[in-house]
Amino acid sequence: MTAASLPVVLDVDTGVDDACAIAFAALHPRLELRAVTCVGGNASVEDVVRNTLVVLDAAGRQDVPVARGAARPLLETPVDARHVHGEDGMGDLGWPASPRQADHRHAVELLRDVCEAAAGSGRKVTIVPLAPLTNLALLLRTHPESATGIERIVFMGGAAHVGNATASAEFNVFHDPEAAAIVLDACQELGIAVTMYGLDVFYDPVVTREQADRLVAVGGRSAAELAGRLIHFQCDRFGGRAATIGDAGAVCAVVEPALIRTEELPVRVELAGTWSRGRTIVDRRDWRGDLAHDPHGEAPVRVSVALGVDAERSAKLWYDTLLAPAGAAPAG
């Protein structure tokens, strides 16, 4: 890594597209991947830790510490997304487990230590949660001093217009809505900038079966082969000729912020609605009269919400990075 590289931490629930994101972050020369923390979500936290270590080993990044975090939401009964990601959470590829073990620290402790070191070095870290926000909620409420080491948070979650876990709610926020609400409130209080990469842009960057074939052909149980097989898994599961890179798009936007079009908007998390629990309420009203007569008032939390993405450039950035020789900058 160079002095110009961007220090990042991923918080994941690996997950097919989390795996694609981890591989990208592990390989892109402009990212300095300092740690990966794990939380229950797409699969159990034990499966998430195993999957995460497999991805990092495939990328040749055994130097990156991986920590086990929260096994369940703060209040909700845990659910998973094995119907999307496979029984093992990562495409049921049958790749052997890593010989490595997770870090001895809890994820919250590892996050605290990374943030403390970042504050001390003067190079703040960007945290990229691609999962339910349970670990981040625990960090920011139990160790608010960690904020001094955080440059910003770019999280995959929520949406302005659509849902997937329910008609209203996106999975990561739906899985632990209290955690999402706590993180947004804490970031407002602590002065941490937040970008929401939600379902409005999530599905747009895609990779074709033909591109996946070229990744698989790299072979050698490499990150490229793994990513290609995961794209094939998604194509097979959803019956398409291409598949989204999903969470990986959020990490691409960290490398190249211009890939997404954002608006700074008030955001709340719905915690009580029967049909809308876990929905991110993104306020796009522009007339002060409506706002003045709203009995709830405007949400105090403002978030940079991604409402558009250069899907072709995002997918190319991801694909070129995975296909590039180890340590080389992606073409183009």
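Is E189 buried or exposed in this predicted model? E189 counts as exposed, at 58% relative accessibility. The close-up views below take up its salt bridge and other features.

**View 1. E189 and R141 form a salt bridge.** The closest N and O atoms of the pair are 3.1 Å apart. E189 belongs to helix α7 and R141 to helix α5, so 48 residues separate these distant parts of the chain. R141 is partly exposed, with a relative accessible area of 40%.

**View 2. R277 pairs with E178 in a salt bridge.** Here the closest N and O atoms lie 2.9 Å apart. R277 sits in the loop between β9 and β10, whereas E178 is in helix α7; the pair therefore ties together parts 99 residues apart in sequence. Both R277 and E178 are buried.

**View 3. E298 meets R302 through a side-chain salt bridge.** The N to O distance is 3.0 Å. E298 is partly exposed, at 33% relative accessibility. R302 is also partly exposed, with a relative accessible area of 37%.

**View 4. Four charged residues form a salt-bridge network.** The linked residues are D47, R50, D80 and R82. The model's count of salt bridges comes to 25.

**View 5. Nine strands build an open sheet.** The strand order is β3-β2-β1-β4-β5-β6-β11-β9-β10, and the pairing is mixed. At the edges are β3 and β10 (280–282), each pairing on one side only. Neighbouring strands are turned by 30° against each other on average, direction ignored.

**View 6. Strands β5 and β6 run parallel.** Residues 150–156 of β5 pair with residues 193–197 of β6 over five bridges. M156 stands opposite Y197 in β6. Helix α11 (residues 248–255) packs on the sheet, and its direction makes about 150° with that of β5. Its contacts are β1, β2, β4 (125–129), β5, β6 and β9 (260–269).

**View 7. Helix α1 lies across β1 and β2.** The helix spans residues 16–27. The strands cover 6–12 in β1 and 31–38 in β2. Helix α1 runs at about 160° to β1.

**View 8. Helix α5 has six residues buried: T134, N135, L136, A137, L139 and L140.** The helix covers residues 134–142. Its buried residues pack against strands β1, β2, β4 and β5. They also pack against helices α4 (107–121) and α7 (177–190).

**View 9. L74, L75 and L138 make a nonpolar surface patch.** The patch covers about 250 Å². L75 is in the loop between β3 (66–68) and α3 (82–85). At 60% relative accessibility, L75 counts as exposed.

Methods
Residues numbered from 1 in each chain as written. Predicted model: local features only at pLDDT ≥ 70, side-chain atom pairs only at ≥ 80, totals over all residues. Heavy atoms only, no water. Patch = residues over 30% accessible without salt bridge, like charges linked within 9 Å, V, L, I, M, F, W, Y side chains within 5 Å. Areas by Shrake-Rupley, 256 points an atom, 1.4 Å probe, with all protein chains shown as cover. Helix = DSSP H or I, 4+ residues; strand = E, 2+ residues; numbered from the N terminus. Buried < 20%, exposed > 50% of the residue type's maximum accessible area, 1.4 Å probe, protein only. Pairing = 2+ DSSP bridges. Axes fitted to C-alpha atoms, helices over the stretch in contact; angles between N-to-C directions. Contact = heavy atoms within 4.5 Å.
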